[in-house]
Amino acid sequence: MDGSSLYAGGFRNAPVDAAHAFRAAMTAMARPGDIRPITGAEPPAPLSVAAGTLLLTLCDPETRVHLAGAADRPEVRQWLSFHTGAPLCGADEADFALGTWADLMPLSRYRIGTPEYPDRSATLIVECDALANTGAVLSGPGIRDTARLSLPDLGVLQGNAMLYPLGCDFFFTCGDRVAALPRSTTIGAEG
Amino acid sequence: MTEQAYNFAYLDEQTKRMIRRAILKALAVPGYQVPFASREMPMPYGWGTGGVQVSAATLTPEDRLKVIDQGADDTTNAVSIRKFFERTAGVATTEATQEATVIQTRHRIPEAELTEDQILVYQVPIPEPLRFLEPRETETRKMHSLQEYGLMHVKLYEDISQHGAISTAYAYPVRVAGRYVMDPSPIPKFDNPKMEMAAIQLFGAGREQRIYAVPPHTRVVSLDFEDYPFEATRADHVCDLCGAADSYLDEVIMDDAGGRMFVCSDTDYCHTRREAVA
């Protein structure tokens, strides 16, 4: 690979870029269905800007990251290691997992937390071809009445919500935009 | 001017990432207390070290910060934390509730309704609502996991049997999104109904190393009984300065002869009302 791209593509001003990125990620997680711009990183292909920025904002040597399918390339591994120092791991140990929905599945591989510590669960960063406020009807904490979000697989995500307060949490990324789906959200079919 | 010797908002980036991960999990499980590796801050425990760490991990340079202590912008705790972030983050500050994007608070929710664009950060002394009923952390964890909250209702019942009413006046326990019982920090129970708000609410307990959160529009129910429903009480007076009959009041002793006055605890609310009249 080109040596320069391994070192390039990080935050230009780490504290400020990370603060902006985290605000976007936090707002998305607090308001399921909201789609927010998130930029700062320029990760190697096939990672989106949003997914790369999330990794730089949240991952470091204390978090284990699982790269699924097409995302598990030498360029991505080296870029992630250089910029975050995060150790790579299998799906069953991951704090964060990144890939397309098809590559990330099955969901049962990921940690869902324990009854005493439901926070010890994986956060999945799902790369999407499209991200829009259409499709599944969301309700619950963070949503005034209802919200809509294009979700990849209603059945699997509804099953995850049934585990509440256990379960995985999701970021959906597309280009430089991010949306989130915490386990607390009730998911209804398109109506 | 920002103190260049420090990283933006004082904390190092790895610490902020750790806090940020805790905040995200806290938002995903509303009312659940996420453990975090609380740092030593340049202020003593009890002065808002938890709130300060949450604010530091949340602030961006464009934010406008307001800090209140018991509703007041001009008390020692509020002034020192505001100055701390002016120096280490270079953020703008304000005393006007509506102008602030991030509000750090000790023991009050502002009277003015908060909006979607705002974040309310609470300083929390004891995050565990069951702690005075059950001192063992292993047990309270288990009680939360099993939703074993009967003990809390016994406590409220004992209030009624001793005083004829639920006498718990602050840190009144709430149930968040129908699941976790949560300590809303020592806010007066007058503020409890305001917790169903449009803003994001984050809670930081520095000494106890816990972060928890309530996302916008989340159902927050104060625990009570059918025959003894929750009441958001306030002193039966109007503010002696601005005449407000709907705000939470502080009682101020004026002299040795029993003289007293009641004033709004929210200084910005009181000030704004008096400005409007003048």
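Student: Before we start, what are the ground rules for the numbering and the model?

Tutor: Residues count from 1 along each chain as its sequence is written, and chains are lettered from A and ligands numbered from 1 in the order in which they are written. The model is predicted, so local features need pLDDT of at least 70 and side-chain atom pairs count only at pLDDT 80 or more, while totals for chains, interfaces and linings use all residues; side-chain values use heavy atoms, with hydrogens and water left out.

Student: Okay, what makes residues of chain B and chain A count as in contact, and how many do?

Tutor: Contact means heavy atoms within 4.5 Å. By that rule 43 residues of chain B are in contact with 42 residues of chain A.

Student: What is the area buried between chain B and chain A?

Tutor: Buried area is the accessible area (1.4 Å probe) that two parts lose on being put together, summed over both. Here that comes to about 3400 Å², with carbon and sulfur atoms giving 61%. B:Arg21, B:Leu24 and B:Lys25 supply 20% of what chain B buries against chain A, more than any other three residues.

Student: Why is A:Asp169 with B:Lys25 called a salt bridge?

Tutor: The term needs a side-chain nitrogen of Lys or Arg within 4 Å of a carboxyl oxygen of Asp or Glu. In this pair the closest N and O atoms are 2.8 Å apart, so the pair is inside the cut-off. The rule finds five salt bridges across the interface of chain B and chain A.

Student: Which elements of chain B give two or more residues to the side that touches chain A?

Tutor: They are helix H1 (13-28), strand S1 (34-35), helix H2 (49-58), helix H4 (137-145) and strand S8 (200-205) of chain B. These are DSSP runs numbered from the N terminus: helices are H or I with at least four residues, strands E with at least two. H1(B) gives the most, with twelve residues.

Student: What makes the B:Ser55 and B:Gln104 side chains a polar contact?

Tutor: You need a pair of N or O atoms within 3.5 Å; within protein, one must be able to donate a hydrogen and the other to accept it, and residues adjacent in sequence count only if both atoms are side-chain atoms. The two side chains make theirs at 2.9 Å. Between chain B and chain A, the count is 17 residue pairs in polar contact (both at pLDDT 80 or more).

Student: Why is the A:Phe170 and A:Phe172 pair called stacked?

Tutor: Rings of Phe, Tyr and Trp (its six-membered ring) pair if their centres lie within 6.5 Å; planes under 30 degrees apart count as stacked, over 60 as edge-to-face and the rest as tilted. This pair is 6.1 Å centre to centre with 10 degrees between the planes, so stacked follows. A:Phe170 is buried at 0% relative accessible area, and A:Phe172 is buried at 0% too.

Student: And why is the pair of B:Phe190 and B:Tyr248 tilted?

Tutor: Their centres are 5.6 Å apart and their planes at 35 degrees, so tilted is the name. B:Phe190 sits in the loop between strand S7 (180-182) and S8 of chain B and B:Tyr248 in the loop between strand S10 (220-222) and strand S11 (249-253), so the pair ties together parts 58 residues apart in sequence.

Student: How do you know whether B:Phe190 and B:Tyr248 are buried or partly exposed?

Tutor: B:Phe190 has 12% relative accessible area, so B:Phe190 is buried, whereas B:Tyr248, at 22%, counts as partly exposed.

Technical notes. Buried < 20%, exposed > 50% of the residue type's maximum accessible area, 1.4 Å probe, protein only.
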